[in-house]
Amino acid sequence: MEQKILLTECSDAVGLIARVTNICFKYNLNIVHQDQFASEDDKRFFMRTVLSGIFANEENFLSEIKSVLPADAIVRLNGRQKRRLAVLVTKEAHCLGDILMKAYSGALNADIVMVAGNYPDLGDLAARFDIPFHLVSHEGISREEQEERMCQVIDDCNPDYVVLAKYMRILSPRMVGHYPLGKLINIHHSFLPAFIGAKPYQQAFDRGVKIIGATAHFVTNNLDEGPIIEQDVIKVNHNYDAADMAKAGRDVERLVLMRALSRVLDDKVFIHGNKTVVF
């Protein structure tokens, strides 16, 4: 039996779960797992349903699902196939290395189709996993031209998602707008909304914080303010300087990004305005 994931989003109403599950029963599809959430503030309904069975006529199935839901319903049926990831990097290897290893071992349901960086430093790491590396330098050219080249490299490999794995360049609105919301995923080295922007560990040290963290989020035109997917923190103390904090923070950055990617790749994340619903 094949498994697929039914994703449903619409205005909240009475009996939505029963309406959907009745049609699943009609098509002889077994519900393996189901999660749902209804927001109180804007009365929005979200549901993730794992189905198994024979999907003989998906178009009719989805049409019937939509016919029993509110008119604004968004309904998708996704398979379990591996997603294509493009990874953007600068010089730090810890996030890229974890992504490559997890994909290689099968722990991440993805194919890494290319790595691109504005410095050549991580080309050898990508090569060890037989992943193409593209150098798209920012030196000697305008920001606009560098981003045009980077977009071309990304678009040529047609990824499902683009992961900014410590890519230390602020994307222009033009580049962000080139991709639909939800396609660009960033790891930021602080527990947002604290310490937005550059040198967050220095900012944290200057404030004498007792915890530091990391945040994985979708990219929007508002710097480090896109919908948050995953966060975590670790404790620090007065013995840590900014460099010590950065060193300690690498592990939490790596773990947070991996958890976020796993949830996105498993269709467990809905974008809800500037927030997310994560099952």
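Asn186 belongs to strand S9 (residues 184-188), strands being DSSP runs of E with at least two residues and helices runs of H or I with at least four, numbered from the N terminus. The residue is buried, at a relative accessible area of 10% (buried is under 20%, with a 1.4 Å probe and protein chains only).

The model is predicted, and local features need pLDDT of at least 70, side-chain atom pairs pLDDT 80 or more, while totals for chains, interfaces and linings use all residues. Numbering starts from 1 along each chain as its sequence is written, and side-chain values use heavy atoms, without hydrogens and water.

## Nonpolar cores

The largest nonpolar core holds 34 residues, and Ile99, Ile112 and Leu257 have the most contacts inside it. Such a core is a set of buried Ala, Val, Leu, Ile, Met, Phe, Trp, Tyr and Cys residues joined through side-chain atoms within 4.5 Å. Elements supplying at least two residues each include strand S5 (83-89), helix H3 (94-105) and helix H8 (242-265); H8 gives the largest share, 8 residues.

A second, separate core of 20 residues includes Cys151, Val153, Ile154 and Val176.

## Packing of H1 and H2

Helices H1 (residues 16-26) and H2 (residues 58-67) pack at about 155 degrees, with axes 9 Å apart. They are therefore roughly antiparallel (over 145 degrees). Val20, Ile23, Cys24 and Lys26 of H1 meet Phe61, Glu64 and Ile65 of H2 in this contact.

Terms used: Axes are lines fitted to C-alpha atoms, for helices over the stretch in contact, and angles run from 0 to 180 degrees between N-to-C directions. Angles under 35 degrees count as roughly parallel, over 145 as roughly antiparallel, 65 to 115 as roughly perpendicular and the rest as oblique. Contact means heavy atoms within 4.5 Å. Buried means under 20% relative accessible area, exposed over 50%, partly exposed in between (1.4 Å probe, protein chains only).
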